[in-house]
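Here is a short briefing to read alongside the model. Take a moment with the view first, and then we can walk through it together.

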Amino acid sequence: VLPPHHKTVMNALVDLAHEVLQNAASNRMTPMALATVFSPGVFGSYSQDPLTFMANSQAESAFLAKLFG
């Protein structure tokens with residue numbers, strides 16, 4: 001369960017993603033493309049190891065893509 005402020009921000013982000021996806025035919029943004037753009041700001045996870053960073057980024061993007069799609 002998210003704290004109230006975090007939940008408000010997440011709901012706003014999901015609403016924005018849905019609005020962008022309604023115009024996917026013209027803006028060519030998919031749920032995964034949006035997730036790739038937003039996941040670093042949402043999760044802010046960093047690793048010194050490039051392989052760990054890539055694995056985390058892919059998992060975070062996949063999670064957001066499910067929320068957006």
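At 59% relative accessibility, valine 9 lies above the 50% cut-off and therefore counts as exposed. This valine sits in helix α1, which makes it a handy starting point for a tour of what is a predicted model.

**The chain as a whole**

- The protein chain holds 4 helices and 0 strands, and its pattern along the sequence reads α-α-α-α.
- The C-alpha trace spans about 35 × 30 × 15 Å along its principal axes.
- Of the chain's 69 residues, 20% count as buried.
- Among contacts with a separation of 6 or more, 53% come from residues 24 or more positions apart.

**Two C-alpha distances to keep in mind**

- Valine 9 and threonine 36 are 27 residues apart in sequence, and their C-alpha atoms are 18 Å apart in space.
- Phenylalanine 63 and alanine 35 are 28 residues apart in sequence, with 8.1 Å from C-alpha to C-alpha.
- Of these residues, phenylalanine 63 belongs to helix α4.

**Helix α1 against helix α3**

- The axis of helix α1 (residues 4-21) comes within 11 Å of the axis of α3, and the two cross at roughly 155 degrees.
- That angle is over 145 degrees, so α1 and α3 count as roughly antiparallel to each other.
- The crossing of α1 past α3 is right-handed.
- On the α1 side, the contact is made by Met10, Leu13, Leu16, Ala17, Val20 and Leu21, while α3 brings in Pro31, Leu34, Phe38 and Val42.
- Sorted by class, this contact has 10 nonpolar residues, with no polar and no charged ones.

**Helix α3 against helix α4**

- Helix α3 (residues 31-43) and helix α4 (residues 50-68) have axes that come within 8 Å and cross at roughly 120 degrees.
- The pair is therefore oblique, and its crossing is right-handed.
- From α3, the contact draws on Pro31, Met32, Leu34, Ala35, Thr36, Phe38, Ser39, Val42 and Phe43.
- From α4, the partners are Glu60, Ser61, Ala62, Phe63, Leu64, Ala65 and Phe68.
- The residues of this contact divide into 12 nonpolar, 3 polar and 1 charged.

- Serine 39 is placed in helix α3.
- Its relative accessibility is 3%, under the 20% cut-off, so serine 39 counts as buried.
- Leaving aside neighbours within four places in sequence, serine 39 is in contact with Gly44, Glu60, Ser61 and Leu64.

**Aromatic pairs**

- How many aromatic pairs does a search of the whole structure find? The search finds 2.
- One of them joins phenylalanine 38 and phenylalanine 68: the ring centres are 6.2 Å apart and the planes stand at 80 degrees, so the pair is edge-to-face.
- Phenylalanine 38 lies in helix α3 and phenylalanine 68 in helix α4, so this pair ties together parts that are 30 residues apart in sequence.
- Is phenylalanine 68 buried or exposed? With a relative accessibility of 1%, phenylalanine 68 counts as buried.
- Phenylalanine 43 is partly exposed at a relative accessible area of 34%, and phenylalanine 63 counts as partly exposed at 45% relative accessibility.

Technical notes:
Residues are numbered from 1 along each chain as its sequence is written. This is a predicted model: local features need pLDDT of at least 70, side-chain atom pairs count only at pLDDT 80 or more; totals for chains, interfaces and linings use all residues. Side-chain values use heavy atoms; hydrogens and water are left out. Axes are lines fitted to C-alpha atoms, for helices over the stretch in contact, and angles run from 0 to 180 degrees between N-to-C directions. Angles under 35 degrees count as roughly parallel, over 145 as roughly antiparallel, 65 to 115 as roughly perpendicular and the rest as oblique. A crossing is left-handed if the near helix is turned anticlockwise from the far one by less than a right angle, and right-handed if clockwise. Contact means heavy atoms within 4.5 Å. Ala, Val, Leu, Ile, Met, Phe, Trp, Tyr, Cys and Pro count as nonpolar, Asp, Glu, Lys and Arg as charged, and the others, Gly among them, as polar. Rings of Phe, Tyr and Trp (its six-membered ring) pair if their centres lie within 6.5 Å; planes under 30 degrees apart count as stacked, over 60 as edge-to-face and the rest as tilted. Buried means under 20% relative accessible area, exposed over 50%, partly exposed in between (1.4 Å probe, protein chains only).
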